[in-house]
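Trainee: I would like to learn how to read a protein model step by step. Could you take me through this one slowly?

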Amino acid sequence: MIDTSIIESPRRDTSPQVYAGLPAQAYVPNPYDFGRPAIVYPGDSVYYSAPEPHDKARAADTVLDAVRRTACTYMNQALRVSPAQAAAMEAGIQYGWSDPRANPANYTAAGDYCGQ
């Protein structure tokens, strides 16, 4: 059996720059594990599996993706991670921590990118 509890992102920074304003951790959908919630840390390139706070229902992929994004939103609220911070964390792990999309200052309060 393959251990999927830790899945590394293909994007690796040797010494990542981390923008001010990022939280200590955030929950994001893991694109390598069917969108299941994962914990990410600034400057890290690993998606750490997080327990899903709901029963795994059989549903259409789009519905399941929406449920998982909602789960990440609620878990981030519990950590007091803003939508802008969560979006920056998701971009940082996907595109690199020095990418402008990893800067929470480049997002609206709702988490929409308004970047450079």
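Mentor: Let us begin with proline 104, which lies in the segment after H2, where helices (H or I, at least four residues) and strands (E, at least two) are DSSP runs numbered from the N terminus. Please keep in mind that this is a predicted model, in which local features need pLDDT of at least 70 and side-chain atom pairs count only at pLDDT 80 or more, while totals for chains, interfaces and linings use all residues. Residues are numbered from 1 along each chain as its sequence is written, and side-chain values use heavy atoms, with hydrogens and water left out.

Trainee: Is proline 104 buried or exposed?

Mentor: The general idea is that buried means under 20% relative accessible area, exposed means over 50%, and partly exposed is in between, with a 1.4 Å probe and protein chains only. Proline 104 has a relative accessible area of 11%, and therefore it is buried.

Trainee: Which residues does proline 104 touch, not counting those up to four places away in sequence?

Mentor: A contact means heavy atoms within 4.5 Å. By that rule proline 104 touches Tyr19, Ala20, Gly21, Leu22, Ala84, Gln85 and Ala88. As for alanine 20, it is 84 residues from proline 104 along the chain, yet their C-alpha atoms are separated by 8.0 Å.

Trainee: Which elements make up the protein chain, and in what order do they run?

Mentor: There are two helices and four strands, and from the N terminus on they run β-β-β-β-α-α. Buried residues make up 41% of the 116 residues in the chain. Of the contacts with a separation of 6 or more, 54% are between residues 24 or more positions apart.

Trainee: How should I check the span of H2?

Mentor: The expected span of a helix is 1.5 Å times one less than its number of residues. H2 has 13 residues and so should span 18 Å, which agrees with its end C-alpha atoms being 18 Å apart. H2 is also mostly covered, with 10 of its 13 residues buried, among them Ala84, Met89 and Ile93. Just after H2, glycine 96 takes a positive phi of about 105°.

Trainee: Which residues have the most contacts inside the largest nonpolar core?

Mentor: In soluble globular proteins, nonpolar side chains tend to be buried together. A nonpolar core is a set of buried Ala, Val, Leu, Ile, Met, Phe, Trp, Tyr and Cys residues joined through side-chain atoms within 4.5 Å. Here the largest one has 18 residues, and those with the most contacts inside it are Leu22, Val40, Tyr47, Met89, Ile93, Trp97 and Tyr107. The elements that give two or more residues to this core are E2, strand E3 (37-40) and H2, and the largest share, seven residues, comes from H2. A second, separate core of six residues includes Ile39, Ala50, Ala71 and Met75.

Trainee: What is the volume of the largest pocket, and what lines that pocket?

Mentor: On a 1 Å grid over the protein atoms alone, a pocket is an open set of points where a 1.4 Å probe fits, with protein on both sides within 12 Å along at least five of seven lines, and lining residues have an atom within 4 Å of a point. Grid points are joined across faces, edges and corners, and a volume is the space filled by probe spheres set on the points. The largest pocket has a volume of about 240 Å³. Of its 16 lining residues, the closest to its centre are Thr73, Asn76, Pro83, Ala86 and Ala87. Strand E2 (26-29), H1 and H2 each supply at least two residues of the lining, with the largest share, five residues, coming from H1.

Trainee: What should I look for in the loop between H1 and H2?

Mentor: Most residues other than glycine have a negative phi. Arginine 80, found in that loop, has a positive phi near 60°, and at 78% relative accessibility arginine 80 counts as exposed. Leucine 79 lies in the loop between helix H1 (61-78) and helix H2 (83-95) as well, and at 37% relative accessibility leucine 79 counts as partly exposed. Leaving aside neighbours within four places in sequence, leucine 79 is in contact with Gln25 and Tyr27.
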